[in-house]
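Me: I would like to go through this model with the criteria spelled out beside each assignment.

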Amino acid sequence: MVPDRLTQLLDRIESSRDELIQLTLDLLAIPTINPPGDHYRAICEFLQTRLLASGFEVKLLRATGAIGDTERFPRWNLVARHEGRNRGDCVHFNSHTDVVAVGQGWTVDPFVGQVQQGRIYGRGACDMKGGLAASIIAAEAFLALFPDYSGSVEISGTADEETGGFGGVAWLAEQGYFDPSRVQHVIIPEPLNKDRICLGHRGVWWAEIETFGHIAHGSMPFLGDCAVRHMGAVMQEFEAVLFPALHKRITEHPVVPDGARHSTMNINSIHGGLDEDVPDYTGMPSALVPDRCRMVIDRRFLVEESLEQVRAEVHRVLQGLQLTRDGFRYDVKELFSVLPSATDKSSPIVTAVADAIEAQMGRAAEYVLSPGTYDQKHIDRIGRLNNCIAYGPGILDLAHQPDEYVDIQDMLDATKVMARTLVGLLTTHNSFEVTSE
Ligand SMILES: [Zn+2]
């Protein structure tokens, strides 16, 4: 008996194990470190060659004018599209091509990539060249077995996710590439584990708080006004009031890890007084009362909190000090903000991937939200496309670490889930039935 097409699809993916490994190694060998954003053109050209050969129409797009785009470090992106035989939805796989700096502590060459004990090691193996490779193999296998499908399949390789995505997905979204009239479903193969669907992420508010004083001789501080002591008062209020209040707030959403279900704030930096590192100066500091102190805060907030509330409670602390503390003057500069994003569990992309996970893995999908943001924010806010999730192989905790790796079996399983999702969304074939030889 001839196996049905779904069985053939899964068999094809299983037998493309070596190809999946090689594709991942080829991607790892292009050191797309960001910052500064190296080799974006090279990785786009590599993907272009591959995807043209599999029948995609390919565009290489430079994010001219975006933050970070320069002649020396141009922000190149790739968008590949394959049209089906009939009209229907477009399923888009979006992967960022950049990786973070290598850092210390590696036992393998991060850009040669090593295959050991069923794992591929290298910078970007899990975040997220393994996921990119999986989505390519999944799409190619699907196109080969279901050439009569309805709709279209897109694959993008985008720049700068690690530095905010402005020269990548944000720019493409501004150009209309994520308009719901041309793309209906988006999967971002970030490493969230092969049986988990990431529905979205918490919000972010970055701000710089500045306190002011009055400069004077350090031997007579009573003649000046110390901006650092004013900032100390801000810290004290944060410790006494704000941090405990944030910790008490717990989201209903399944944010992982557990600690991130609370509202959080990081003090990113504090600086007051003379510059610490003046090049070529080896002498002693001079005696001065600092007249400025700056603190950068990184506030991560929950779906249940509003940006207005997040801003207001920091302003309330500062306004309170202005009323109670002599000479307290301050300024707050907002650096940037991202609203929380949470795709509804009943959205078509969520139910399609959940069904595919259950059929492939034999267990129900787990739903999570990410503590930090990723490119979904731009697809959601700029593209106005809410039917977007992150789903991909790899363990999130390994991202950005030395000896980062992705498990090959996880990649194969995730590839099959992605392919089943395409079958589910773009054909009338039931991708969830028990397959038989
Ligand atoms: Zn990533």
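Me: Which residues of the largest nonpolar core touch the most other members?

Reply: This is a predicted model, in which local features need pLDDT of at least 70, side-chain atom pairs count only at pLDDT 80 or more, and totals for chains, interfaces and linings use all residues. Residues are numbered from 1 along each chain as its sequence is written. Of the 94 residues in this core, Phe142, Val353, Ile389 and Leu422 touch the most other members, and helix 4 (residues 125-145) gives the largest share, 13 residues.

Me: What makes it a nonpolar core?

Reply: The term denotes a set of buried Ala, Val, Leu, Ile, Met, Phe, Trp, Tyr and Cys residues joined through C-beta atoms within 7 Å, where buried means that 20 or more other C-beta atoms, placed from the backbone, lie within 10 Å of a residue's own.

Me: What makes strand 10 and strand 12 edge strands?

Reply: In the open sheet of four strands, whose order is 10-11-9-12 with antiparallel pairing, strand 10 (264-272) and strand 12 (329-338) each pair on one side only.

Key. Two strands pair if DSSP finds at least two bridges between them. Helices (H or I, at least four residues) and strands (E, at least two) are DSSP runs, numbered from the N terminus. A residue is buried if 20 or more other C-beta atoms lie within 10 Å of its own, exposed if 12 or fewer, and partly exposed in between; C-beta atoms are placed from the backbone.
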